Amino acid sequence: MRRRRAEKREIQPDFKYNNKVVAKFINIIMLHGKKTKAEKIVYGALDIVKSKLHVDELEALYKALDNVRPQVIVRPRRIGGATYQIPIEVPKDKGFVIAMRWIRDIARSKKGKPMQIKLAEELINAYKGEGAAVKKREDTHKMAEANKAFAHFRW
């Protein structure tokens with residue numbers, strides 16, 4: 001018997017921009033519960049983005065996330081001994097979370113620079129519609145397109 005579904009927690013907006021998306025991004029960047037450090041990284045990265053692009057940092061963040069956000073992803077599903085990659089549409093808020101994770105992971109994988117700078121570079125690249133995170137989205141969409149024949153297995 002299944003238990004009840006956990007209720008969704010309401011996220012508090014961050015203190016600098018009073019914005020829930022920034023607060024979520026801080027939580028995704030955070031390691032080992034060190035929120036102050038994560039805040040410094042995100043705010044520092046947004047300041048760098050503002051100085052380099054000469055646009056509002058929140059506007060740049062939203063555009064970068066929108067450029068990276070996937071519309072469809074593939075999920076593995078086992079049917080009759082074979083595993084199929086089934087394309088599934090992604091809700092907008094879930095897509096933003098995936099985009100944030102991709103940007104974080106790509107920034108972390110770079111070496112030799114402080115995290116603020118790496119994160120800022122990745123956000124700038126995503127804002128311009130280029131870089132590794134945007135490529136990851138394109139690859140995901142290509143994979144979903146290639147496996148469109150298995151869409152009828154969705155349930």
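Let's start with a helix pair. H1 and H3 pack at an angle of about 65°, and their axes lie 11 Å apart. Axes here are lines fitted to C-alpha atoms, for helices over the stretch in contact, with angles running from 0 to 180 degrees between N-to-C directions. That makes H1 roughly perpendicular to H3. The cut-offs: under 35 degrees is roughly parallel, over 145 roughly antiparallel, 65 to 115 roughly perpendicular, and the rest oblique.

Before going on, the ground rules. This is a predicted model, where local features need pLDDT of at least 70 and side-chain atom pairs count only at pLDDT 80 or more, while totals for chains, interfaces and linings use all residues. Residues are numbered from 1 along each chain as its sequence is written, and side-chain values use heavy atoms, with hydrogens and water left out.

Back to the pair. The crossing of H1 and H3 is left-handed, meaning the near helix is turned anticlockwise from the far one by less than a right angle; clockwise would be right-handed. From H1, Val21, Val22 and Phe25 meet Leu58, Leu61, Tyr62 and Leu65 of H3. Contact means heavy atoms within 4.5 Å. By class, that contact has seven nonpolar residues, no polar and no charged. Nonpolar covers Ala, Val, Leu, Ile, Met, Phe, Trp, Tyr, Cys and Pro; charged is Asp, Glu, Lys and Arg; the others, Gly among them, are polar.

Now the second pair. How do H1 and H4 cross? Their axes come within 10 Å, at roughly 45°. H1 and H4 are therefore oblique to each other. Their crossing is right-handed. On the H1 side, the contact uses Val21, Lys24, Phe25, Ile28 and Ile29. On the H4 side, look for Val97, Met100, Arg101, Ile103, Arg104 and Arg108. The classes here: seven nonpolar, no polar and four charged.

How covered is H1 itself? Mostly: seven of its 10 residues are buried. Buried means under 20% relative accessible area, exposed over 50%, partly exposed in between, with a 1.4 Å probe and protein chains only. The buried ones are Val21, Val22, Ala23, Phe25, Ile26, Ile28 and Ile29. They pack against H2, H3, H4 and H5.

Next, the core. The largest nonpolar core has 41 residues. Such a core is a set of buried Ala, Val, Leu, Ile, Met, Phe, Trp, Tyr and Cys residues joined through side-chain atoms within 4.5 Å. Val22, Phe25, Ile103, Leu119 and Leu123 have the most contacts inside it. Helices H1 (20-29), H2 (35-53), H3 (57-68), H4 (92-109), H5 (115-128) and H6 (132-146) each give two or more residues. H4 gives the most, with nine.

Take Val22. Which residues does Val22 touch, leaving aside neighbours within four places in sequence? Asp14, Tyr17, Val42, Tyr43, Leu46, Leu58 and Leu61.

Zooming out. The protein chain has six helices and two strands. Helices are DSSP runs of H or I, at least four residues; strands are runs of E, at least two; both are numbered from the N terminus. The order is α-α-α-β-β-α-α-α. The C-alpha trace spans about 55 × 40 × 25 Å along its principal axes. Of the 155 residues, 39% count as buried. Among contacts between residues at least 6 apart in sequence, 61% join residues at least 24 apart.

One last residue. Ile88 lies in strand S2, residues 82-89. At 29% relative accessibility, Ile88 counts as partly exposed. Ile88 and Lys24 are 64 residues apart in sequence and 24 Å apart in space, C-alpha to C-alpha.
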